[in-house]
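Hi,

Here is the structure I promised to pass on. Have a look at it first, and then read my notes below.

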Amino acid sequence: MERLGLVGLPNSGKTSLFNALTGGSAAVAAHPFSTTDTHVGVAHVPDPRLTALAAMSRSKKVVSATLDFVDIAGLVAGSSTGEGLGNRFLAGIREADAVCLVVRAFADDNVVGGTDPLDDLHTLELELVLADLSSVEAQLPKRKKLVRNDPTLAPEVEAMEAALPVLSGGTPLYRSDLGPELRAGLQSAFLLTSKPVLAVVNLGEDQLGDADGLVKPVAAELEAAAKGPSGPLSGVEVLGVCVQLEAEAARLDDADRTELLEGLELGEGALPRVIRAAYHLLGRRTFLTTGDKESRAWTFRAGAKAPECAGVIHSDLQRGFIRAEVIRWDELLELGSWAAAKDVGRLRVEGKDYEVADGDVLEIRFNV
Ligand SMILES: Nc1nc2c(ncn2[C@@H]2O[C@H](COP(=O)(O)OP(=O)(O)O)[C@@H](O)[C@H]2O)c(=O)[nH]1
Ligand SMILES: [Mg+2]
């Protein structure tokens, strides 16, 4: 299971965001070291397609896709050298597959910490870069020795040599212009700044009116070094979230939550956007199944073929895969039922090589 790690300075709102996303109850406190354990929680991915299909099928059970979030504590200045909680922080972030940077904009006299999100971003990036720099400096000489007898390590050596000046210059790898081959060569080095990132700017309720003004500089900064339209961070998602407000809303029942959020013109709130952005950042896609017993959203890896997707449901379905009957969710909805879609010949029959698309509704034929 892949995980998205929440990373930020103390009191930026990580634990509050984590609780809001996962319905958890990890301790929230205005104290730099309040979180000493790494918490893992599950967020449900809101999906209107699933809701619509479940209504169509009058499903007794509705199961959404999920995503794991980790509340990674302990990043303070000096973390890169393993001081204070630094070691725990480094271990936590190494286990995350992607990173959500939480930077603080909200002002509150009772909560210690700066309120300039760009300052937060720079401090965070510096610690991450320093940690990566010391990893590369430690690993490179060893690889250079090994490559003499093992030429297959050459791409790794080349990638680390290219990463070195980037990191020495203070730039995180996620916003460097290293090409895809060099990036691939860095995988075995387990560097922190080569993970995909998104960012959340934690806004105070009184700052909602100026959300754009506070979010844009962070977005501009993150995108700055990603050169050209296909740079690694082009289109990086930076989301303004009033974490405290959203956390309060998350504790309410559906009707009260809708009233609170819509009263503030926040629509469905920002949490669904954070979850969806994280889901896509991790390269995840959704296919659906629907029937009177259950409608369900399943997660698969972008680019996966039909048998692999069948295997997400059950290994028997992959092993004994014969074919998949497929229709896009909106087409199915328009036709009104699986039986109707079949009657008018709109179910496609797809074989082993079919690349499943996001939003496909599947029925797997199999034999074991
Ligand atoms: N005023 C205000 N306080 C917040 C907001 N988000 C978090 N806090 C408070 O800031 C403190 C630290 O939050 P926490 O989630 O524990 O931060 P963490 O150290 O990053 O995990 C707590 O007292 C929160 O209630 C916010 O949007 N506005
Ligand atoms: Mg915390």
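Let me start with helix α9, which spans residues 254-263 and is hardly covered: of its 10 residues, the count of buried ones is one. Just past the end of α9, Glu265 takes a positive phi of about 60°. Keep in mind as you read that this is a predicted model.

Helix α5 is another one to look at. It runs over residues 154-168, 15 residues in total, and from its first C-alpha to its last it reaches 22 Å, close to the 21 Å expected at 1.5 Å a residue. Which residues of α5 are buried? They are Glu156, Val157, Ala159, Met160, Ala163, Val166 and Leu167. As a reminder, an α-helix has 3.6 residues a turn, so residues three or four places apart point the same way. You can see that kind of spacing in the buried set of α5, for instance at Glu156, Ala159 and Ala163. The cover over these buried residues includes α4 (117-146) and α6 (180-185). Just after α5 there is again a positive phi, this time about 90°, at Gly170.

Now step back to the loop between α4 and α5, where you will find Val147. Val147 sits 10 residues from Val157 in sequence, and their C-alpha atoms are 7.8 Å apart in space. Setting aside neighbours within four places in sequence, Val147 is in contact with Leu153, Ala154 and Val157.

Some polar atoms to click on:

- Thr15: a polar side-chain atom lies 2.8 Å from an oxygen atom of ligand 1.
- Gly13: a polar backbone atom is 3.0 Å from an oxygen atom of ligand 1.
- Leu203: a backbone N or O atom lies 3.4 Å from an oxygen atom of ligand 1.

On its own, ligand 1 has 580 Å² of accessible area, and the protein covers 90% of that.

Cheers

Terms used
Residues numbered from 1 in each chain as written. Chains lettered and ligands numbered in written order. Predicted model: local features only at pLDDT ≥ 70, side-chain atom pairs only at ≥ 80, totals over all residues. Heavy atoms only, no water. Polar contact = N/O pair within 3.5 Å; in protein donor to acceptor, adjacent residues only side chain to side chain. Areas by Shrake-Rupley, 256 points an atom, 1.4 Å probe, with all protein chains shown as cover. Helix = DSSP H or I, 4+ residues; strand = E, 2+ residues; numbered from the N terminus. Expected span 1.5 Å × (residues − 1). Buried < 20%, exposed > 50% of the residue type's maximum accessible area, 1.4 Å probe, protein only. Contact = heavy atoms within 4.5 Å.
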